[in-house]
Amino acid sequence: MKILDKYILNFYLTRFLGVFGICFLIFIIQTFWLYIDELAGKGLDIFTIGKFFLYFSPKLVPLVLPLSILLASLTTYGTLSENYEFIAMKSNGISIVRSMVALFIFHFFLGIGSFYFSDNIVTYGELKSYNLRKNLAKLKPTLSIREGIFNDIGDLNIKVDRKYGDNEQYLENIILHSISEDEINRIVIKAESGEVRNLDENYLQLILNNGNRYEDINAINAADKQKYPFTKASFEEYILNIDISDFNNINLNEENYKSTYKMQKINELKSNSDTLSKKFEDDKIVFGKSFINNHTLKKLKNISTDPSEFIDIDGVSFLNMLDSPKPYELNGVLTKAENEIDIYIRQLENKKKTFFLQQKLINLHKLTINERYSLMLACILLFLVGASLGSIIRKGGLGLPLVLSIIIFLTYHYIGVFGRNAAEDNSISPFIGSWLSTMILFPFAFYLTRIVSMDKTLSFNIPDSLFNLFKLKNNNEKN
């Protein structure tokens, strides 16, 4: 390695490590405020809190790394250009593009390292942090009730709009679901207000005021189900005693969740994605056959379920058959079909939601695979963008380069978020959704690198331009 390459590499690494450390610390603090409700008030020692952030921190690296590369390369080449060091290089026959070779190779291996880091360290951190969060949520359930979302407490699932009081023991607008032994939600309770009390270490008392209790009757036969579909009772005060003895024996190191897509490596993601896709296709075929076979039209004798035969049967319109006295059963069947149409629509809507969730899970697997590959290329492209832009604007430090870095990174990041969200609901392909921000970044990086290679410069002197603008305006006013 030549002396110049060593000089630029050391100059860059100093800034890269400093920027990465600062950005990483900022994201850790932001994470602390994000999860403070899950950690505060549960009597956790500093070791457990530190372990939580240790497990969570690897997930921040794929987010911090692109920003650090962009800002470090922009400030490095901006400083070198501002100090006329590139002019000295050019006088010795060394172009700016040649000065990027060593850092280009560095970022090539950094991209490969980021892939293996995401595929091994990040997945392990996700496994540990996810299970630790689930175990922490079981501690002190009175404090784990969060506003606006459903919270699991024993065999109950509770949602409140607002908590208040000295210990946040008073609740407003409560919805409570009770899960039976067969894991079916049969009881729903809604109340205007309530209060949580700790009777002792083993029992939690929930007092509900002014509400209704709905219970789905588990009837033996369909006739009883139609007569008594559910029961409803109003109350002014309803008391629930919840057994929380299991909450006192929580093993924070227990790992019950090991198969979410964020915990899986590339090989596991590909295998599970193929399995889910095959199951999804099989479920659609089975549901289609079941829906057709159970349809009212199947009760018509000698009537095919082929849609082409509904239009014309032996030269007679299907609807005109209603006027014929022979198929006297047809009117009764069609009347029943009219009554059953709402049931069919509900079946289709419910199955549509189920298929949507299945497709979304498949897309998330594919997105995760492609995002780990796209991060490798993003590391190289962001370096080219930062280095080229830094040599063009000729500004070092943390002024204009910082502003430009944040703007470029936020654009890159939110395009990626948009692509991911669109791919999740199957609006676009998961491949396009995960590579969208990188594909948009590629021509931008190519264009800036080409400008630098042609020794074209563009002076960005925003403060001076603004000063001259105001000076000209004051002179005009005086005249």
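The protein chain of this predicted model contains 15 helices and eight strands. Of its 479 residues, 38% are buried. Among contacts with a separation of 6 or more, 69% join residues 24 or more positions apart. A search of the whole structure returns zero disulfides.

**Nonpolar cores**

- The largest nonpolar core has 57 residues, and the members that touch the most others are Ile-69, Tyr-77, Met-100 and Phe-383.
- At least two residues of this core come from each of α1 (3-34), α3 (46-56), α4 (61-82), α5 (85-91), α7, α12 (329-393), α13 (400-424) and α14 (430-453).
- Helix α12 provides the largest share of the core, with twelve residues.
- Another core, of 18 residues, lies apart from this one; Ile-145, Ile-153, Leu-156 and Leu-206 are among its members.

**Surroundings of Tyr-77**

- Once neighbours within four places in sequence are set aside, Tyr-77 is in contact with Ile-8, Phe-86, Ile-96, Ser-99, Met-100, Leu-103, Phe-383, Ala-387, Gly-390 and Ser-391.
- Tyr-77 and Phe-383 are both buried.
- Tyr-77 also belongs to a cluster, linked by ring pairs, that includes Tyr-12, Phe-16, Phe-20, Phe-24, Phe-106 and Phe-383.

**Aromatic pairs**

- The structure holds 19 aromatic pairs.
- In one of them, the ring centres of Phe-32 and Phe-53 are 5.9 Å apart and the planes meet at 35°, so this pair is classed as tilted.
- Because Phe-32 lies in helix α1 and Phe-53 in helix α3, the pair ties together parts that are 21 residues apart in sequence.
- Phe-32 is partly exposed, at a relative accessible area of 31%, whereas Phe-53 is buried, at 13% relative accessibility.
- The ring centres of Tyr-77 and Phe-383 lie 6.5 Å apart with their planes at 70°, so this pair is edge-to-face.
- This second pair links distant parts of the chain, since Tyr-77 belongs to helix α4 and Phe-383 to helix α12, 306 residues apart.

- Helix α7 (residues 101-136) has 36 residues and spans 48 Å from its first C-alpha to its last, close to the 52 Å expected at 1.5 Å a residue.
- A bend of about 40° occurs in α7 at Phe-117.
- Ile-121 is located in helix α7.
- Ile-121 and Lys-59 are 62 residues apart along the chain, and their C-alpha atoms are separated by 8.7 Å.
- Not counting residues up to four places away in sequence, Ile-121 touches Pro-58 and Tyr-116.

**Helix α3 and its cover**

- The buried residues in α3 include Thr-48, Lys-51, Phe-52, Phe-53, Tyr-55 and Phe-56.
- Helices α1, α2 (36-39) and α7 are included in what covers the buried residues of α3.
- In general, an α-helix has 3.6 residues a turn, so residues three or four places apart point the same way.

**Cysteines**

- Cys-23 is buried, with a relative accessible area of 9%.
- Cys-379 is also buried, at 1% relative accessibility.

**Positive phi values**

- Asn-173, a residue other than glycine, has a positive phi near 50°.
- Asn-173 is found in strand β3 (residues 170-179), and its 40% relative accessibility makes it partly exposed.
- Asn-426, likewise a residue other than glycine, has a positive phi near 70°.
- Asn-426 occurs in the loop between α13 and α14 and is partly exposed, at 43% relative accessibility.

Technical notes:
Residues are numbered from 1 along each chain as its sequence is written. This is a predicted model: local features need pLDDT of at least 70, side-chain atom pairs count only at pLDDT 80 or more; totals for chains, interfaces and linings use all residues. Side-chain values use heavy atoms; hydrogens and water are left out. Helices (H or I, at least four residues) and strands (E, at least two) are DSSP runs, numbered from the N terminus. The expected span of a helix is 1.5 Å times one less than its number of residues. The bend at a residue is the angle between axes fitted to the seven residues ending there and the seven starting there. A nonpolar core is a set of buried Ala, Val, Leu, Ile, Met, Phe, Trp, Tyr and Cys residues joined through side-chain atoms within 4.5 Å. Buried means under 20% relative accessible area, exposed over 50%, partly exposed in between (1.4 Å probe, protein chains only). Contact means heavy atoms within 4.5 Å. A disulfide is a pair of cysteine sulfur atoms within 2.5 Å. Rings of Phe, Tyr and Trp (its six-membered ring) pair if their centres lie within 6.5 Å; planes under 30 degrees apart count as stacked, over 60 as edge-to-face and the rest as tilted.
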